[in-house]
Amino acid sequence: LTGVAAVVIILLGGIFYFNQNNQSIKNKELVKSDISKVLIKPFKFLSKREDLSYVATGFTTHLGTSLSQHPQINIVPETTANFIDKNELTNTELKSKYSINYSVEATIQVSGDKIRLSSKITDLINEEVVASEVYQLTEDEIFEYQDKITDLALQKMSTIQHSIDFKKRVSENPIIYKKYILAQANMVSWTTDKHIKAMELIDEMLEIEPNNFGVKKLLGWLLQQKVFLGLSENMKTDITKSLNIAKEHLISHELDSIDAMALESSNHGLLGNYLEACSKVSNMNEILYESNSNPSSHEYAMTAWINQNCENFEIAKLTYEDLFKVSPHYPAWVRYYYVYSLLALNKLDEAEEFITENKNLKYSYYGTNEIFQLCLVYIAHKRDNIELANKYYKEYEEMSTSLSLGYLGSDFAAAKSKTFFEDFKNVLSQYGMS
């Protein structure tokens, strides 16, 4: 299998959990890149104990090194961070001049053998402090608390859905917690070696907690990825195993898990069982929007995606729009999936406006800007502006990433109807795409 990549990326979720009725959040400015730019200010050491001054540097360095390993987080270079700190730039300047989304800062004080660390994480886009924690520790506990600060930062600003969701941790075991985060981070990288590493981490976790439903559900998504990366010796066997994991999760653990429903639906779709694939979409919609719910961005994305697969394009469109309001940094696949829904609804003007606002930004997800460009080709063709369509296609050919029709087809691998994609493919093939 070649080019089949998009479905499993739906693992990516946001760590931001908001009520979809919270208008103060929904009216915030939309930031259109799925990569969070993070400023780590040098931690301030406010003590005369020079023998412990290394603690501040250690915390700053450890946090930057740890966060930089995650592909959805872009750390401001240390030299720039030092310049910003020295010149005491305002939050407004950080947004306008450096496009920074989050800032992390902390002070460290020492009294006897006790170290007091006061930390703060600020969401500059929404202009709010999202975390403010004070820790009391000893010198022997420094490494432990370095990890605590890193985990806190990941929970508050990474676009990856880490082991904490709006209900609970995947495990109270800190070893499982860290391995789970690393498995997801490897998954996001979307390469064969990273997939293999993620599967190794899954095996290690299941050796410790063989009945952990959260870990097994992650395995279900990884089994899909295994197929899509061309690593599976038997596609049907791996998809069926993934399907059974989803079913077991829903029966024995969480009856109302949107993520597990999406896993079940997508597996049914990949196996061609479209009636079963769309049997729970109404239930997903109800769970997402019930009055007492507090859905995650990941659940918005899953619900929109399954509605789209089941040809509920208008519902998919509205759900994607709600997702953009609650989680503006969500991975980029949802942006062009949203465009697909608009095009399927023949809303060409809306699609063109959205693409114009979102294209040519820095995205971590492979081929995003190229897909936007190909959608412009399609729009121009549908308007019978062949000259403009040719111009757009030539611009696509000059872009850094070359896609195939097979790769684009992966976006519709689990869809009930391939009507829109067949038309999309037919149009692009007229301009030389194969």
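Where is the place of E88? E88 sits in the loop between helix 3 (78-87) and helix 4 (91-98). The legends below cover this residue and other sites in a predicted model.

**View 1. The whole protein, as predicted.** This is a predicted model. The protein holds 20 helices and 6 strands. Of its 434 residues, 55% are buried. Contacts between residues at least 6 apart in sequence were examined, and 67% of them join residues at least 24 apart. The accessible surface is about 18,700 Å². Carbon and sulfur atoms account for 48% of that surface.

**View 2. E88 in the loop between helix 3 and helix 4.** E88 is not a glycine, yet its phi is positive, at about 50 degrees. The residue is exposed, with a relative accessible area of 67%. That value counts as exposed because the cut-off is over 50%.

**View 3. E127 in the loop between strand 5 and strand 6.** Strand 5 covers 114-123, and strand 6 covers 128-137. E127 has a positive phi of about 55 degrees, although E127 is not a glycine. Is E127 buried or exposed? E127 counts as exposed, at 62% relative accessibility.

**View 4. Helix 7 packed with helix 8.** Helix 7 spans residues 192-208, and helix 8 spans residues 213-228. Their axes are 10 Å apart, and the packing angle is about 155 degrees. Helix 7 is therefore roughly antiparallel to helix 8. The crossing of the two helices is left-handed. Helix 7 brings H195, A198, M199, I202, M205 and L206 to the contact. Helix 8 meets them with V215, K216, L218, L219, L222, L223, Q225 and K226. By class, the contact of helix 7 with helix 8 has 10 nonpolar, 2 polar and 2 charged residues.

**View 5. Helix 10 and helix 13, crossing at roughly 30 degrees.** Helix 10 runs over residues 258-270, and helix 13 over residues 297-309. The two axes come within 9 Å. How is helix 10 oriented to helix 13, roughly parallel or roughly antiparallel? The angle makes helix 10 roughly parallel to helix 13. This crossing of helix 10 and helix 13 is left-handed. On helix 10, the contact residues are I258, D259, A262, S265 and S266. On helix 13, they are H298, E299, M302, T303, W305 and I306. Sorted by class, the contact of helix 10 with helix 13 has 5 nonpolar, 4 polar and 2 charged residues.

**View 6. D151, a buried residue in the predicted model.** D151 belongs to helix 5 (residues 142-157). Its relative accessible area is 13%. D151 counts as buried because the cut-off is under 20%. Which residues does D151 touch, leaving out those up to four places away in sequence? D151 touches Y177 and I181.

**View 7. D349, an exposed residue in helix 16.** Helix 16 covers residues 348-358, and D349 lies in it. D349 has 56% relative accessibility and counts as exposed. D349 and I379 are 30 residues apart in sequence. In space, the two are 8.6 Å apart, C-alpha to C-alpha.

How values were computed: Residues are numbered from 1 along each chain as its sequence is written. This is a predicted model: local features need pLDDT of at least 70, side-chain atom pairs count only at pLDDT 80 or more; totals for chains, interfaces and linings use all residues. Side-chain values use heavy atoms; hydrogens and water are left out. Helices (H or I, at least four residues) and strands (E, at least two) are DSSP runs, numbered from the N terminus. Buried means under 20% relative accessible area, exposed over 50%, partly exposed in between (1.4 Å probe, protein chains only). Contact means heavy atoms within 4.5 Å. Accessible areas come from the Shrake-Rupley method with a 1.4 Å probe; for residues, only the protein chains shown count as cover. Axes are lines fitted to C-alpha atoms, for helices over the stretch in contact, and angles run from 0 to 180 degrees between N-to-C directions. Angles under 35 degrees count as roughly parallel, over 145 as roughly antiparallel, 65 to 115 as roughly perpendicular and the rest as oblique. A crossing is left-handed if the near helix is turned anticlockwise from the far one by less than a right angle, and right-handed if clockwise. Ala, Val, Leu, Ile, Met, Phe, Trp, Tyr, Cys and Pro count as nonpolar, Asp, Glu, Lys and Arg as charged, and the others, Gly among them, as polar.
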